Amino acid sequence: MRAHERYRFIHSRRETWPVKILCETLEVSESGYYRFVKNLGKPGKDEALSAAIKSILDEDIYNDNYGVPRMKLALEQRGIKVGTRRLTRVMRENGWLHKPNRKPHGLTKSTTEVQEKENLIKQDFTSSSPLSLLLTDISQIQCYDGKLYMSPILDCFNGEIVSLQMRSNMKKELCIDTVRALAKKDIPCGAILHSDRGSQYTSDAFKEILASYGLSQSLSGVNHCYDNARMESFFATLKKELLYRLPTYRMKMEEVKRWIFHYWSCIIKVESSNAPTRCYNSIERTVTLCTTIKPLRKKPYASQMRLA
């Protein structure tokens, strides 16, 4: 039992037993108890930290998924320094820590006839200059009118999504158009684009588009999911903060696209910390899921459909 818990017990029994006897029995000092009584009603260090965390969580509907690292960064941006162990304890005591309940599954399939390529980055996702190290992958979203496939390109310099394309199929043209959209930016010579060994990325057409823009291709090893871990981390964050909160199976693809582009446009990168932070204007803060999502009638199952 911690000292402050003993002091609380003594304070609750002070009318029944002498304080001195209670302090001796619980092996605490009288001076410590009276110091505790003097500070009653004043916010403690943990209470002040909890209030700062609560204010960050209330800033935006997506912030309640913040873990310890991101919360620590947000506190540091506000001038509050706190240790990882203490922050973990405070967040756990207040029920602000969440365990992941979903595991990502690989979507793109590798072709066995493709010759092994060298992994140029070797799981090193650090970059010292913009657009010099890029990551890409494909993820799918179940919608009312089919599956929506998204193909982003992430800049390892500051975690920014520099290109994003979405379609109803996952053909190689989706990945090619994502690179073409990236080509509008000033890509430095020798920039690296890393991906897995999906057939889209190992196709001749995709290699040709990379060569035309001066991009060097880097491929993950077969069944090496950690080779593209930072890209998978972005998908996990997007789904946890946005897509898992939306009934996408009742929404049309175009509506889901608007939500994703809205989420993307509201992320502002902070170059000093190399980490994203969100900034919403007063109008966007008033938008809630319940007022913007219109439910659609679910499709009947085959067993519920009558044959003519």
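1. **Ground rules.** This is a predicted model, where local features need pLDDT of at least 70 and side-chain atom pairs count only at pLDDT 80 or more, while totals for chains, interfaces and linings use all residues. Residues are numbered from 1 along each chain as its sequence is written, and side-chain values use heavy atoms, with hydrogens and water left out.

2. **Start with H194.** You'll find H194 in strand β5, residues 192-195. (Helices, H or I of at least four residues, and strands, E of at least two, are DSSP runs numbered from the N terminus.) Is H194 buried or exposed? H194 counts as buried because its relative accessible area is 0%; the cut-offs are under 20% for buried, over 50% for exposed and partly exposed in between, with a 1.4 Å probe and protein chains only.

3. **Who surrounds H194?** A polar atom of the H194 side chain sits 3.0 Å from the backbone oxygen of D227. Contact means heavy atoms within 4.5 Å, and beyond four places in sequence H194 has contacts including N119, I121, T136, S218 and N228.

4. **The largest core.** A nonpolar core is a set of buried Ala, Val, Leu, Ile, Met, Phe, Trp, Tyr and Cys residues joined through side-chain atoms within 4.5 Å. The largest one here has 28 residues, and I141, M150, L242, V256 and I260 have the most contacts inside it. Elements supplying at least two residues each are β1 (133-136), β2 (139-143), β3 (146-155), β4 (160-167), α9 (229-241) and α10 (253-265). Helix α10 gives the most, with five residues. Another core, of 20 residues, lies apart from it and includes V179, I187, Y201 and I209.

5. **A look at M150.** Leaving out residues up to four places away in sequence, M150 touches several residues, among them I141, L164, F235, L238 and I260.

6. **Aromatic pairs.** How many aromatic pairs does the structure hold? Seven. Rings of Phe, Tyr and Trp (its six-membered ring) pair if their centres lie within 6.5 Å; planes under 30 degrees apart are stacked, over 60 edge-to-face and the rest tilted. Y201 and F206 are edge-to-face, 5.3 Å centre to centre with 75° between the planes, and both are buried. F261 and W264 are tilted, at 6.0 Å and 35°.

7. **Back to helix α10.** F261 and W264 both lie in α10, three residues apart, about one turn of the helix. F261 is partly exposed because its relative accessibility is 34%, and W264 is partly exposed at 28%.

Key: A polar contact is a pair of N or O atoms within 3.5 Å; within protein, one must be able to donate a hydrogen and the other to accept it, and residues adjacent in sequence count only if both atoms are side-chain atoms.
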